[in-house]
Each structure stands twice: as C-alpha cells, then as structure tokens.
Amino acid sequence: MRFFSLLLIIIFILINICQSFKIMKIVVDKTSGLNVVDKKFKPKYFIKNKLRFVSPYVYTYKLFSKKRWFGKNIVDVLASEFCAYNTDYFLESIKKGYIKVNNKNITNDYIIKSNDFIEHKLLLFEKPVLYNKIIILYEDENFICVNKVASMPTHPVGSYQYNSLLRILQNYISQSGKNETENKNDNETDDVVKIDLNLKKNNFHVLDTIYTHWKESKEKSKFKSRQILNSDNHDEINEGNSEKRKKKRKNYNNGQSYLNDSGNFNKKLATNYNENKTELTNVTSESALLNNEVGTNLESNILKNEKSMPLESREFSTNLCNNKKFIKEEDKEMDSKPNKSEQNEKDDSYIYTLHRLDKLTSGIVLFGKNKKFSTLFSEYVCNNKITKSYITRVEGDFRNLIKKLINENKILQSDNNNFNEDDEINNLYEEYCNNNGIKNNDIYQFNGDPVGSFKNDIFLYRNKYKKNDDKNVDNKETDLKNLINSIKKNNKYAEDIFDMSKFEDDQNIKQMDDDFEMYHKYFVIDFGYMYCEDKKLLKYVFTKYNKENYQIANQYSIKPSVTKFMFLSYNNQLNESLLLCQPMTGRTHQIRTHLKSLSFPISNDSHYNPNVEKEYMTKTEKLHFENQPNEESKNIEKYSYYPLVPFLNTSFNWLYDDTINLNNIDNEENLNNYFFKNLNNSTYHSSGIFLHSFRYTWDQVFDIFTLLPKWCNLFYIPKSLFIFLLYGCLSTPSKIC
C-alpha cells in the first residue's frame, strides 16, 4: 500500500512537469522573404511558466539596399534603421564577418551603393509571448478569422519570427494536414481551437460582382491615364493644373484656414486619408499595387514565395528583381525564384496577411485564403469601407466630455427632416482628409476654423442605438440566445479570455446610473493630426492644428487623423470608463494617442499613460524563464490581466564570446546550453493593454465579431446595449443595418 501511494505521487509529479514544460514541433520551415534558418537547426516551440518560447537558432536576414541609404556608411545606416542593435554590435559583426555585402566581407567604412545585397547572420533567441489558445472565430474558403491574444505580433518581425500569429496559425494548418477546418467539430490542437459564434449569414456571393466592378474600374483608370500621357496637350494639362494649385494656396493672415505658402516648408502633409501602410501587407501581384510598403517592381513569383515579410526585409524587396546577379544559382537558400512546379503548387499553410494589430492589442485578425478576397479586402480597408470597432478601458469618467460638448452645443443636428447624420459625417470626413490641401503640397487645414465652427474639430452626433425602434429586435434576441448556446459548448476555452458575465441575466455588478442611457446615444467624433515624435521609441502624438502651433509642420510630417468614441459604461470604484472606438483613419497607435490627448488614457498603457508608467513595473506579476517562488498578489485589478514578460539581456553576448563561431556551430545542444545558463539576467516588459479589436463590418459582405475581453467584467452593460454592440449598426455608411 505504501509503495502504491509513492507510485501515485511520482506519477502526479511527472504529470505536473509535463504540463509545465511542453515541447511542440514546428513543421513550417519558412521564415520571411529571403531570410533563412541555418539547416543545422530545427526550431521548436516549448511552453513553460505560461510562456511560449522558440528554441534558439542561427538566422540570416537578407536585404536589398533602399534608395535613401545610398552614399551612406553601412554602420550608421543599420544602427539608425534597426534600433534593436547598437553601433558596437554592428562593428563587431562586421569584424567577425557576420555582415556581408554582395556575398563579400566588408570593412566598417563601407559606403552603401545601389543594388547592394546585404546579409546579416546572427543567433536568434526569439522573445517569448503569453501562451494562450488561438481561437478560430470563423473560417470558410475565403478567409480565416482568429482572436489574437496580446503579447504576440500579427506577422513575423524582428525578434518575433516563429513566435508570431501568422507562423503559429500556419503551423496549425500544416499539422492539421489540410487548409480547411470548418468540417471539424470541436477540433483542438496544442495551439488552436475553433469556437462557432453563430455569426450573421455572410453574403460572399456578392464578391464576384464586387470583384468584377473593381477590375473594370481599374482598367478604366489605367486607360484614362494612358490617354492623358499620350495626348498632345499633356504639358498644357500639367501647366493648367499647376496654375490651379497656385490659386488654391492661401495665407491664413488673409482670413483663410490654411498655413502660409507651402514652398516655405520641407515636410509634406499626407493627404491620403486611406493610408493603412502599417496594416496592409502584400497579398498578390495585383494587391501590391494597393500597398505602398511593398513596391511595384516585385516579381509575382517572389510574392508567391512569401507574403508576410518582416520590416527589415520588406523595405528592401523593391530592388529584388534587379539584383539576381548577386544570388548564386547553386545556393538554394538564396534562390528566390521558384520553379514552375513550385509556382503552381502552394503549400497547404499558405495564407495572406491582410492587416495587423499592435503586439499589445488583442482581438480580431483576418487572414485571406485566396487571391480574390485578399485583393478586395485590402482595397476596401484602404478606402475606409470596412468599419473597425475596438473596446477599451480608460481612466476617468468619459461622460464629462460628452456633458461639456452638450453644454457647448457642439452637436451635429438639423431641423431638416431629410437630414442624415451618416451622410453628413461622410462628407465632412472626405472633405477634411481627402481635400485637406492638394496632394504633395504642404497646405494644412486648421481645426476649429472658421472661428466658432466645430465640424472639423470635435463634436457629438446621434448613433443608431435605440433609434427609430429597431424592427429586428426579436431576431437579434434569437441571435443572442443561439450565441449563448454555442458559447456554453466551448466554455472551457472561452472563459479564460472572454467576459462571460455579460451572457448572464443577472450581472454581478451594481446597476448602471440612471443617466447612463442618455450618453449611450452619442458618438464623439474628433478631427486632428498625428505625427511621430520619436521613431526609436515609437512615440506618436495626436494634436490639434491651429495658428498657435503651426510650427509643428516644420518639424514633423503631420497626417489627418479621425476617431469616433461611444461611451458604454463607468465604474465609480475604479474611476474608469468602458468605450467603443472606431478609427476612421489608419494611423499607428491612433486610438492610444488620441485618448491620451483627450485626457482619458488607456488605464494600463504605460507607453501613453504617465501614471501607469511610474508604477506598473512594481505592481504587476512577473513571469520568469525559470520556476520562481510564488509572489504575493498585489491585489490591483487593472494589473492582474497582463503579466510582465521577460526579455533576455544576454541575447547579444554571444557576439563577444570567442568560443562561438556562427559559421561553425556543431549542433543545437551547444547553443541551447549557452542561452539557458544565464536566464536570470532579464528585463521585463508589458504583455498587453486594455485595447481589443472587437468587430469588423464589411457592408453587404460580412459582419464578424469576437466577445468582450475578460477585463470588461467589472462594467455593467445592459442587455439592449450588449445586443447592439454584437448585432446593431455601428458603421456609418451601412446599408445592411
């Protein structure tokens, strides 16, 4: 009996060890672009202490020089462009022959020339991310929609290659043995699980019609351009347009809401309000025309070879076709041109990256599964025809801002019975962003000008919540019941990351204040400009542009930025509000910096919230590489959702170790031993913020949503408002509401 008890204890211990340290094979051997993993290494995922790691491996970035680099010192360029590495690192790498140009060793005074092919070999120990299930929300023959967990990037970039959502999803698809999972019931692997949310019926049959119209419009546009270029009066047309541009330039001293003549300034205003460069990636040779990040001279076979390049390789891919002379044909790792059989036969895991979320943001991410859908989705995102809705938690009572705007009578309304707020908002948006000066000329429209006007500043307008008594309320009640039944079947996965209390009839929270209802009916819409204040720290600023601060146009490249906000709830004990946010433009960190400018920063965003920046490091749980004694709970609710993730400080020390030669590493074991002997030397970083991509609406095509994140559970939301968030009309130009 004693022996039997001892045996049970041993078995129990072994089970716990296996659960705390799990190894998973990576079956997707692709990395990004031309970048390659040394053949001696087979990277693996391993799970430990709630973190997902990738075993270390030798990696080579392969890039082509960018035009702005020509004539500059290679060390200066690399140190300024890639902030993860400093000047000393690049000097030592060149000295040891780990950085080459055109397959040759160089010296640290090398000057970059046109068509230079740059290789950078290093040991890569990827940064860890939180280990949570990747939940597939919807999948069909056109796209796959997943719920991204915070802490991982959408696509491979920098120190996140295999530890990115795209690679994890591709690994799952490859392990599944096929690219379709919709016929699998309750399918689960080590990484991915599918939950059926009973989403609205999608109208993908209209894609053929939309695609045909899009193709026809592109052909007409090309034909018209050729006619203009071939016309005899081409010079006269340009000259005439130039005169029109000159006439449009005004001096604000003459009472106009524009800055002085643009010839005085070097910075350009990005008048293209559809800019989504940071969200769109190359999807096909056709969609590359829609994406300025990629460049138009990429050969289609390169695009087929890899669609999601990291920032380091994506910027240099534009010269790829002209640089094959530097790629040895016998070097299969560098051969970027696949043979015909490879072109005709795509890997089962092949999916298109359509957009991205910031690493710290959770929620909906879509990946395309065919050329038609991916091209159209990219086009429609670019043209602001797909409405993106986010949920966030902010400091302070957002009702105070709405009260202020009501008292100032800054409400978009009219006595005209035919007045339509949606049409008016669209007109104001297009006028502000598309006509905000002439393209490629520095003409800036002041916010709040003419004096007393709010239509290009900040104001309220009526949303569709409880407006005109929704006739489909019964259908939406049925949809919610079906959703609840579906959630119950998968509750063991959903309850870990979603707020399940909102599906209960009696939420265990104090009922909302009596006046909440009057604030639910408004959208706050705010017009302004954004610019990057610090490129290395990725620090952005949202600002108003007026006669007092017009000098920012000389210092930064400012871009129009417009966001809508809807108040959802307020928790008096936390002094925090729950908001719905809709970015109409697609700027980096737009919602985060916009909320900071309104004095309602995201509650746990240390990057844009000074109060959090001072205390979150000492009040948030730390996850460790190795097992540590349990820390005492800090009992601070807002710091309990996203623990601090360790980054290895010694990840570059291998470069200065004379016993390590990247060109002559015998096996993985030696490399693993090197990295894992100094794991305590770490710094800690935030793994997530209260910002959740909640719903994507493509009018007449689909309406995709995820559930509210777990950090919403202390905010009361009435059932009618909850149904509106899931099934109501949140988009301005909607025809399907």
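This is a predicted model: local features need pLDDT of at least 70, side-chain atom pairs count only at pLDDT 80 or more; totals for chains, interfaces and linings use all residues.
**Stop one: the nonpolar cores.** Start by selecting Ile-74, Phe-377, Leu-483, Trp-698 and Phe-702. These residues have the most contacts inside the largest nonpolar core, which has 179 residues. Apart from that core lies another, of five residues; to see part of it, select Val-612, Tyr-616, Tyr-639 and Leu-644, which are among its members.

**Stop two: around Trp-698.** Now centre the view on Trp-698. Leaving aside residues up to four places away in sequence, which ones does Trp-698 touch? Its partners are Leu-207, Phe-373, Leu-376, Phe-377, Tyr-380, Lys-385 and Ile-386.

**Stop three: two helices.** Next, show helix H2 (residues 74-81) together with helix H3 (residues 87-95). Their axes are 9 Å apart, and the helices pack at an angle of about 135°, so H2 and H3 are oblique to each other. The crossing of H2 past H3 is right-handed. For the contact itself, select Ile-74, Val-75, Leu-78 and Ala-79 in H2, then Thr-87, Phe-90, Leu-91 and Ile-94 in H3, which they meet. Seven residues of this contact are nonpolar and one is polar, while none is charged.

**Stop four: a covered helix.** Finally, select helix H20 (residues 719-727). Seven of its nine residues are buried: Leu-721, Phe-722, Ile-723, Phe-724, Leu-725, Leu-726 and Tyr-727.

Methods:
Residues are numbered from 1 along each chain as its sequence is written. Side-chain values use heavy atoms; hydrogens and water are left out. A nonpolar core is a set of buried Ala, Val, Leu, Ile, Met, Phe, Trp, Tyr and Cys residues joined through side-chain atoms within 4.5 Å. Buried means under 20% relative accessible area, exposed over 50%, partly exposed in between (1.4 Å probe, protein chains only). Contact means heavy atoms within 4.5 Å. Axes are lines fitted to C-alpha atoms, for helices over the stretch in contact, and angles run from 0 to 180 degrees between N-to-C directions. Helices (H or I, at least four residues) and strands (E, at least two) are DSSP runs, numbered from the N terminus. Angles under 35 degrees count as roughly parallel, over 145 as roughly antiparallel, 65 to 115 as roughly perpendicular and the rest as oblique. A crossing is left-handed if the near helix is turned anticlockwise from the far one by less than a right angle, and right-handed if clockwise. Ala, Val, Leu, Ile, Met, Phe, Trp, Tyr, Cys and Pro count as nonpolar, Asp, Glu, Lys and Arg as charged, and the others, Gly among them, as polar.
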